Amino acid sequence: GLKVIVIANESELGEDPVYQRWKEKVIGKTLRVGAEAEQVLREVASELSVQSLRDCVLGNLKLLAGVLKALDSVNYRSVRALIFDVQRLVVAAPRLERSSKVMLSLLSFSVAVGSLLRSDTIGRAQVDLAETVKALGSNAKRSEKDRRLIEVHGRLSTMGALDPIISPAMMARLWCDGEID
């Protein structure tokens with residue numbers, strides 16, 4: 001006679017037959033909870049100290065939210081850290097903020113590729129995503145991980161999120177080691 005609330009990540013449980021049988025017998029209603037990408041970006045923007053970067057985020061909410069949606073999964077703490085890394089870069093090289101296109105390119109690349117790196121979808125040596133996908137070639141026997149990476153690459157490239165303005169190797173150093181050269 002007890003009412004029980006089960007909190008689970010069904011996308012991670014997948015189609016496990018044991019879970020599916022259990023769910024069918026035990027769970028009456030399923031509620032889905034998720035973060036709203038644009039709202040998260042607004043919150044992060046409100047914390048930025050560089051006004052031009054804040055304006056760039058707020059002025060491009062739909063595009064940046066689209067980049068986040070193009071990824072298989074998103075860790076919003078990582079997204080926040082990546083945006084703050086862009087802010088550190090802009091503070092270190094103030095001429096970057098002269099162009100909103102440059103800052104948007106840095107933001108979209110950082111959010112897209114930095115998120116892939118932080119989620120271990122790609123390694124540090126694969127940060128130049130265009131070159132990484134090109135190196136995979138047209139092998140019909142690609143792994144599932146490689147196929148997903150190619151699919152994500154396609155979605156991100158149509159949004160213009162793969163033009164780093166700054167070398168991918170330097171961006172990887174920034175994300176992994178915190179170094180700005």
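1. A quick definition to start: a nonpolar core here is a set of buried Ala, Val, Leu, Ile, Met, Phe, Trp, Tyr and Cys residues joined through side-chain atoms within 4.5 Å. Keep in mind that what you're looking at is a predicted model. Its largest nonpolar core has 50 residues, and L41, V113, L156 and W175 are the ones that touch the most other members. Helices α3 (37–47), α4 (51–59), α5 (61–70), α6 (76–92), α7, α9 (144–158) and α10 (168–177) each put in at least two residues. The largest share comes from α7, with eleven residues.

2. W175 deserves a look of its own. Leaving out residues up to four places away in sequence, W175 touches L82, D85, F109, S110, V113, G114, L117, R118 and V127. V113, then, is both a contact of W175 and, like W175, among the residues that touch the most other core members.

3. While you're in that area, find S110, which sits in helix α7 (residues 100–118). Is S110 buried or exposed? Its relative accessibility is 1%, so S110 counts as buried, the cut-off being under 20%. Beyond its neighbours up to four places away in sequence, S110 is in touch with L82, V86, S115, M171 and W175.

4. On to the aromatic rings: how many aromatic pairs does the structure hold? There are two. In one of them, Y19 and W22 have ring centres 6.1 Å apart and planes at 35 degrees, so this pair is tilted. Both residues lie in helix α2, three residues apart, or about one turn of the helix. Y19 is buried at 10% relative accessibility, while W22, at 39%, is partly exposed. F109 and W175 also form an aromatic pair, and this one is stacked, with 5.8 Å from centre to centre and 25 degrees between the planes. F109 belongs to helix α7 and W175 to helix α10, so the pair links distant parts of the chain, 66 residues apart. Both F109 and W175 are buried.

5. Now for the outside. L2, V4, V6, W22 and V26 make up a nonpolar surface patch with about 540 Å² of accessible area together. W22 is thus a patch member as well as a partner of Y19 in the tilted pair. L2 comes in the segment before α1 (10–13), and its 77% relative accessibility makes L2 exposed.

6. V33 is exposed, at 82% relative accessible area. From V33 to L13 is 20 residues in sequence and 16 Å in space, C-alpha to C-alpha.

How values were computed
Residues are numbered from 1 along each chain as its sequence is written. This is a predicted model: local features need pLDDT of at least 70, side-chain atom pairs count only at pLDDT 80 or more; totals for chains, interfaces and linings use all residues. Side-chain values use heavy atoms; hydrogens and water are left out. Helices (H or I, at least four residues) and strands (E, at least two) are DSSP runs, numbered from the N terminus. Buried means under 20% relative accessible area, exposed over 50%, partly exposed in between (1.4 Å probe, protein chains only). Contact means heavy atoms within 4.5 Å. Patches are made of residues with over 30% relative accessible area and no salt bridge: like charges are joined within 9 Å, nonpolar side chains (Val, Leu, Ile, Met, Phe, Trp, Tyr) within 5 Å. Accessible areas come from the Shrake-Rupley method with a 1.4 Å probe; for residues, only the protein chains shown count as cover. A salt bridge is a side-chain nitrogen of Lys or Arg within 4 Å of a carboxyl oxygen of Asp or Glu. Rings of Phe, Tyr and Trp (its six-membered ring) pair if their centres lie within 6.5 Å; planes under 30 degrees apart count as stacked, over 60 as edge-to-face and the rest as tilted.
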